[in-house]
Amino acid sequence: MSANTQSQSVYPVTQDEGEAAEAIIAVIVDNEPGVLSRVVGLFSARGYNIESLTVAETDVEKHTSRITVLTNGTPAKIEQIKAQLGRLVPVRRVIDVTAETDALERELALIKVVNNGDHRVEAMRLADIFRARALDTTHTSFVFEVTGTREKINAFIDLMKPLGLTETSRTGVLSIRRGVESD
Amino acid sequence: MTGQALQKEKETKILTPAKKPGAELLLDALEEQGVDIIFGYPGGAVLPIYDAIFKRDTIRHVMVRHEQGALHAAEGYARSTGKVGVALVTSGPGATNAVTGLADALLDSIPVVCITGQVARPLIGTDAFQECDTIGITRSCTKHNYLVESPQKLSTLVHEAFHIARNGRPGPVLIDIPKDVQFEEAQYTPRDEARKRNCIVLPEIKATQIEMAVDLMRHARRPVFYTGGGVINAGPGASETLRAMALETGFPVTSTLMGLGAFPASDPQWLGMLGMHGSVEANSAMHDCDLMIAIGARFDDRVTGRLDAFSPNSRKIHIDIDRSSINKNVRIDLGIVGDAGAIMTALVAEWRKRETQEKSDRDRLRAWWTQIGKWRARKSFCYEAHDQFIKPQYAIERLYHLTRGKDVYVTTEVGQHQMWAAQYFQFDSPNRWMTSGGLGTMGYGLPAALGVQAAHPGALVIDIAGDASVQMTMQEMSTAVQHDLPIKIFIVNNAYLGMVRQWQELLHGGRYSHSYSDSLPDFVKLAEAYGGVGLRATTPQELDSKIEEMIAVNKPVLFDCVVTQEENVFPMIPSGAAHNEMLMGGAVTGDEISDAGKALV
């Protein structure tokens, strides 16, 4: 007999085998020893990806930290990641930044470019367009600081590659909610 | 001293209770949590705690022979009472030996609090004697764990640990206490004042979801209740509600290995256990149903078989306390997060309300029950009897019949005997069946039986064991004798690692690589060596009298039940197959041997 894999559901099905996509998940946790290890351990134990990770204490009085994870997976997998994170005792809130319309994301990158001549002028011109600051300069190199969404930083890096890019350092994604409400 | 000054001193004493060493604070907190028994093993890093235990007689301590046994005993205690089980072990090897028990409790959602000693704070990180990173090692096999950084935090952490262990989806919590914290003095924080993080927030039951569920139930023509360990964990009241719900709806009920006993096996609506070695009627009903109502079950791979062929034409309602269980393995149409008991109560209330408004058509289930009757007629648990040798199935059947009506608790190890116990031992009430379902821990049953017996001194506690499994924790026989825990270890002895042998026969061309237990001990002599009682049965004729002898003895018993060696557990859904592709036992179809014939043997 052939298996009918179509759901007969009359209700919206939350799980589907959709396309895998990147997702930013922010986790508000009690800042206690080992909490980062719990979060990271969950990802590795259950076979989820971490593409970038940012963590710091964000509320000294409440003693909470914000962990922002860039991961990827199908919508069903992202749902599962959120549910699994929610089970951890020190986790106060899990926020699906990608799914929320009022979320802001930013990343900061430091980019080293070694070049001279026309390439040097072109690098300066592009840096200006991307509002990147030159933090350090020698006669043959720049270190640029650029902030923005991942797409903007990726675009800047791509443009700098033919102009002598030698090294990049990125903070990973940060996120915050727009408007008066806070997480 | 004036009267006034005396009064003032009294008041300040009440306001600021006397400081006590950490070890005393720990025991005070355990007492306040209602702990009456601890399973443990002493060692260097917990000596102050053992010293404190020595000075008070409010808490009974059962010394095991290996820390794994302490954890399983705590699990057995927890599962048979519904309370939190407590284990106490030392640092380093004590903690690493406890890991199996912690992982077992995590996968089966058993509330356990494990206290481990740790080297003194200044020594942490110096590779001190018996130091290990207990928190790091146990992070992934506990629901939560703590390193106690100061005695001031000790009692509040203990209270929070119990809160976390027993609430929400239960599980093991570990508290790692450095030795100097056990000595240092601090004030006690009572249970009411302890920090309890709001980590277990259950959403309110939504009326719309209950209405939707009842809507689906009223129109289902081929419904089935698929219940699991969550119903047991939700307490005896949840089992009662399940019975009421089944009675009112007329739906058939099946259960996972973990959920046996929540619904009485003697009820005509009972289909038997489902899954890899479940009954034909249970698995076929799961495959062909049009509405599946999963309650406190988690669609484990032993239950679902091939996922893409799992119950293809049904709508699925899933009730679970853990949001992450819903939609984890199988797509769910209606997921309801919450306590199984509370949600079933809401479902029953809604069902009754709707029935008084308009009776549902009971006849719509007739064809379904007729079909179930046909599956039942295949008698999936039939086996070929033997008149000279004991068949393992026969052994469990006789054990069940001869213990009926008694106050019986059953634990098992893991393997063929476990499946036969699940198939042939019938349970009519919850908390009577303790088996390692998720982790599949060989060696679970014997120490778990100790925990059950310690909680229920007058009860008949039987560990249905295999000859291989039982040797993994055999040393706990010594614990049983020392602490007057008259458990009955019923070894289904086929001299093989039976389940391994079965898989090798069916899947690896009969190449029995390292699955034969050569040089088995003489279990009768072994029992005697421990100071217990050894019994052996080798023929069907003597089996009954030997079992009766075992029941009558008020001492730990090792019962060596010598059975036929190459029996397989059937029916069987091979890994990667669908529910309707079951393998049935050899030549026997079930019709050849009448009940009378089976009784002869």
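Strands (E, at least two residues) and helices (H or I, at least four) are DSSP runs, numbered from the N terminus. Five bridges join strand 19 of chain B to strand 20 (residues 557-562) of chain B in the parallel sense, where two strands count as paired if DSSP finds at least two bridges between them. Within this pair, B:L535 stands opposite B:F559 in strand 20 of chain B.

The model is predicted, and local features need pLDDT of at least 70, side-chain atom pairs count only at pLDDT 80 or more, and totals for chains, interfaces and linings use all residues. Residues are numbered from 1 along each chain as its sequence is written, while chains are lettered from A and ligands numbered from 1 in the order in which they are written.

Confidence comes next, with pLDDT being the predictor's confidence in each residue, from 0 to 100. Chain B averages a pLDDT of 93, and 94% of its residues score at least 70; for chain A the average is 89, with 91% of the residues at 70 or above. In chain A, pLDDT stays under 50 over residues 1-15, for which the model has 24 contacts beyond four places in sequence. In chain B, residues 587-601 stay under 50 and have 16 such contacts. A contact is defined by C-beta atoms, placed from the backbone, that lie within 7 Å of each other. The model as a whole scores ipTM 0.88 and pTM 0.91.

The secondary structure of chain B comes to 23 helices and 20 strands. Its radius of gyration is 26 Å, close to the 25 Å that the globule rule gives for 601 residues, so chain B is as compact as a globular protein of that length. That radius is taken over C-alpha atoms, and the rule is 2.2 Å times the number of residues to the power 0.38. Along its principal axes, the C-alpha trace of chain B spans about 90 × 65 × 45 Å. Of the 601 residues, 54% count as buried. Among contacts in chain B between residues at least 6 apart in sequence, 78% join residues at least 24 apart.

Two open sheets of chain B can be followed strand by strand. One has six strands in the order 3-2-4-5-7-6, with parallel pairing. Its edge strands, each pairing on one side only, are strand 3 (60-63) and strand 6 (144-147) of chain B. The twist averages 20° from one strand to the next, with axes as lines fitted to C-alpha atoms (for helices over the stretch in contact) and angles running from 0 to 180 degrees between N-to-C directions. Strand 2 (residues 37-40) of chain B runs parallel to strand 3 of chain B and is joined to it by four bridges; B:I37 stands opposite B:R60 there.

Six strands also form the open sheet with the order 11-10-9-12-13-14 in chain B, again with parallel pairing. Strand 11 (270-273) and strand 14 (334-337) of chain B are its edges, each pairing on one side only. Neighbouring strands of this sheet are turned by 15° against each other on average, direction ignored. Four bridges link strand 13 (residues 315-320) of chain B with strand 14 of chain B in the parallel sense, and B:I317 has B:L334 as its bridge partner.

The largest nonpolar core has 190 residues, and those with the most contacts inside it are B:A87, B:V112 and B:V113. Such a core is a set of buried Ala, Val, Leu, Ile, Met, Phe, Trp, Tyr and Cys residues joined through C-beta atoms within 7 Å. Leaving out residues up to four places away in sequence, B:V113 touches several residues, including B:V84, B:F162 and B:I175.

B:G76, in helix 4 (residues 67-81) of chain B, counts as buried because it has 31 C-beta neighbours inside 10 Å. The C-alpha atoms of B:G76 and B:A454 are separated by 9.3 Å, although these residues are 378 apart along the chain. B:G34, by contrast, is exposed, with 10 other C-beta atoms within 10 Å, and is found in the loop between helix 2 (22-32) and strand 2 of chain B.

Key
Buried ≥ 20, exposed ≤ 12 C-beta atoms within 10 Å, placed from the backbone. Contact = placed C-beta atoms within 7 Å.
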